[in-house]
Structure formats: C-alpha cells, structure tokens
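Let's walk through a protein together, one question at a time. Have the picture open while you read.

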Amino acid sequence: MNAITPHLTTVYLWFLILFSLGIISICKHLITLLRWVHAALFKPEKNLTDYGSWALVTGATDGIGKAIAFELANKGLNLLLLGRNQSKLQDVSNSIRSKHNSTKIKLIVLDLTIDMSIGINQLKSAIKGLDLGIVVNNAGATYPGAMYFHEADAAVWDPVIRVNVEATAWVTSVVVQKMAERGKRGAVVNIGSGSSVVLPAFPFYAVYAASKAFVDMFSKCLHVEYASMGIDIQCQIPMYVATKMVSTVKTSFFVPSPEQYARCSIRRIGYESRCTPYWPHAIQWWFCSFVPKFILNYVRLQIGIRKRSDRLRAIIEDE
Ligand SMILES: NC(=O)c1ccc[n+]([C@@H]2O[C@H](COP(=O)([O-])OP(=O)(O)OC[C@H]3O[C@@H](n4cnc5c(N)ncnc54)[C@H](OP(=O)(O)O)[C@@H]3O)[C@@H](O)[C@H]2O)c1
C-alpha cells in the first residue's frame, strides 16, 4: 500500500498538470477567437478622411478592389483608380460618379507586369500635389489554374511575382515616401491571402502563395517601421471571396461577395498589422489552427489534384 501511494500521487500530479495545460490552451484559443470577432464586429470604424482626402486603389476594375473603391467613395474620399484596362476603369469611374457625383476621380492606366522602374513614374506624377491618405494595394494575379510548378512556365508565374510582389513594393515605396514627407497620418492596406497565412502550404499555386507570404511579412515589417510616423500599414487576409479570381467559388456564409467583403475591409483600416476583416473568415482560420498540418496539407493536395484534373479535362474538351 505504501509503495502504491507515491505512484498514484505522481499520476495524479501529471493528470493535473496536463489538465491545466489543456484548459490554458483552450482559453488561449477562445480569447484569440473572441478578440478577432470583437475586432471585426465592434471596433469603431476610423474616420478615413482624417488620413487625407484622396485614396488610391490598385486593381480597381474588378472584384475586391472595385468594391473597396465604392466603399471609399461612400466615406467621402476622392479616388485614384489604378488598372490595366482603360475602358474597365472608365466604367467603374462612371458607376461611382453616378452615385457620388461630388467624388473626384483620377484614372491611372498601368499594367503592373511592366518594368516598374519606368511604370512607377506614371503613379508619381498622378499623386503629385494630392492629399493622399489611403492606399490599397489590392491588384493581384494568380495562376490560370492548379498546376505542378514544373508545368507552370515562366509566363505563368512571372506576372504573379511582378504584380503581387514587385508592384506592391514599388507602389508602397512611392506612397510611403510621400506620406512620410508630408508629416501627416496615412494608411496602407496590402491585400494578402489565407493561402500563405492560414494554411501551412498551398500546393499547385506555389508562387501565388509564396508571393502573398511576401505581402504579409513586408506589411508586418513596415507596420513596425512607420508606426511612429503615424502611417498605419496593414495586411488584410481574405479567405475565399466570390470574384473572378476564384470563379468556381460561389457566395455563401463563408464566402462573401466582394461588396460584403469591402464593407468589412474598410472598417478595419488603421488597426492591427494583420487582420481578417470578414468575421466568418476568422472562424475558419480559428478552426484551421486546431487541425494538424499534415491533414491540412493532405486536404489541400487533394483539392489541387482535383482542380488540376478539371483544368486538363476542360483543355482537352476545348480542343
Ligand atoms: N478572391 C479571393 O478568394 C481572394 C482570396 C485571397 C486573396 N485575394 C486577393 O485579393 C486581391 C483582389 O483579388 P480579387 O479576388 O478581387 O480578383 P479579381 O477580381 O481578379 O481582381 C483583381 C484585380 O487586379 C487587377 N490586375 C490583375 N493583374 C493586373 C496587372 N497586371 N496590372 C494591373 N492590374 C491588374 C485586375 O484587373 P483586370 O480587371 O484587368 O483583370 C483586377 O482589377 C488580390 O490581391 C488577390 O490575390 C483574393
């Protein structure tokens, strides 16, 4: 009996330690979720015109960028809309002006895959003399479909790096310099992706996910560098949003329309360095944090394999 008692005490002690660690871990996760949902639903929106009277949106001709441009006009900002297609830009401008006829709009026709050491001059002259307060680096490019990296020739992945990485860096360097020089507040929002933050890997879209990992880390570093100058740099992390980039995904509770997403997106401008503005996305992210990485990798791999097969089948049928 005397020999068993210390053994039971040790077992009991271990049980207590593990139980306490479990409770602490659950509480930590719950607090994270509550913080995310609180931030998404209850934090008051900043007065965006305090940053300046103009906002720049890249990739404003479609999807999230177009919807964000509408929301910024709703908040009283004048707009610089950047896109590669003149007539699409004009259409967006016309429809914004039909609702907000006092909004001033300037268009910048610029293909972000070109050599930006030259292309950036267009942006520099467009923003000259403007009270530019908000910049949304939204333009994004991805693969035409799921594929192994060796199947994607440079014509597929090079534009992804140019638009998602190089153009984001070029645009940010110009606008941040302008914001720092004028000594007033400013906000830069970079649109990242759950593919590089929420998931441990995003097979079959490797360069896309890697480019978004750049956007995430770039934003985190600049957030720290520029906070003391009053420039709020932030990376927003969407999961799926029903746009032409993910044309097979339909709107649902977890997949907002670009308009729904944009309303949430602009409510978060000026807060933390990384956020997921649409709260059902925060819930998805939270659940993913419990799933072992090898399971998430397996599931994504299967999705990638299926999407690749669908793409190849569609190509064969077209021929
Ligand atoms: N939709 C999603 O599920 C999802 C998820 C995570 C992250 N994101 C990110 O969200 C951002 C917006 O994507 P979206 O879903 O709204 O896609 P989208 O509907 O395809 O819009 C992308 C925008 O970027 C523009 N763009 C693409 N290449 C360009 C180039 N070379 N030069 C200038 N503009 C260019 C497009 O112009 P055109 O109109 O001429 O094509 C369009 O305005 C992207 O950064 C994307 O990576 C989206």
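Here come some questions and answers about this structure.

Q: What kind of model is this, and from which number are residues counted?
A: This is a predicted model, where local features need pLDDT of at least 70, side-chain atom pairs count only at pLDDT 80 or more, and totals for chains, interfaces and linings use all residues. Along each chain, as its sequence is written, residues are numbered from 1.

Q: How many helices and strands does the protein have?
A: Both kinds of element are DSSP runs numbered from the N terminus: helices (H or I) have at least four residues, strands (E) at least two. Going by that, the count for the protein is ten helices and seven strands.

Q: What share of the 319 residues is buried?
A: A residue is buried if 20 or more other C-beta atoms lie within 10 Å of its own, exposed if 12 or fewer, and partly exposed in between, with C-beta atoms placed from the backbone. For the 319 residues of the protein, the buried share is 36%.

Q: In what order do the strands of the open sheet line up, and which are the edge strands?
A: Strands pair if DSSP finds at least two bridges between them. The open sheet has seven strands with parallel pairing, in the order E3-E2-E1-E4-E5-E6-E7. Pairing on one side only marks the edge strands, E3 and E7.

Q: Which helix packs on the sheet against E5, E6 and E7?
A: Contact means that the C-beta atoms of two residues, placed from the backbone, lie within 7 Å. For the angle, axes are lines fitted to C-alpha atoms (for helices over the stretch in contact), and angles run from 0 to 180 degrees between N-to-C directions. The helix touching E5, E6 and E7 has a direction about 160 degrees from that of E6, and it's H7 (residues 206-226).

Q: How many residues of strand E6 are buried?
A: Strand E6 covers residues 231-236. In a regular strand, side chains alternate between the two faces of the sheet. On one side of E6, Ile231, Ile233 and Cys235 are buried, and on the other so are Asp232, Gln234 and Gln236. The buried count for E6 is six of six.

Q: Which residue of E7 is the bridge partner of Gln236?
A: E6 runs parallel to strand E7 (residues 274-275), and two bridges join them. In E7, Arg274 stands opposite Cys235. The partner of Gln236 is Cys275.

Q: How many residues of helix H8 are buried?
A: H8 spans residues 258-267 and is mostly covered. Among its buried residues are Pro258, Tyr261 and Arg267. Of the ten residues in H8, the buried ones number seven.

Q: Which helix gives the largest share of the shell around the ligand?
A: There are 28 residues around the ligand, with Gly59, Gly63, Gly140, Thr243 and Met245 coming nearest; a residue is near if its C-beta atom, placed from the backbone, lies within 6 Å. The largest share, three residues, comes from helix H2 (residues 63-74).
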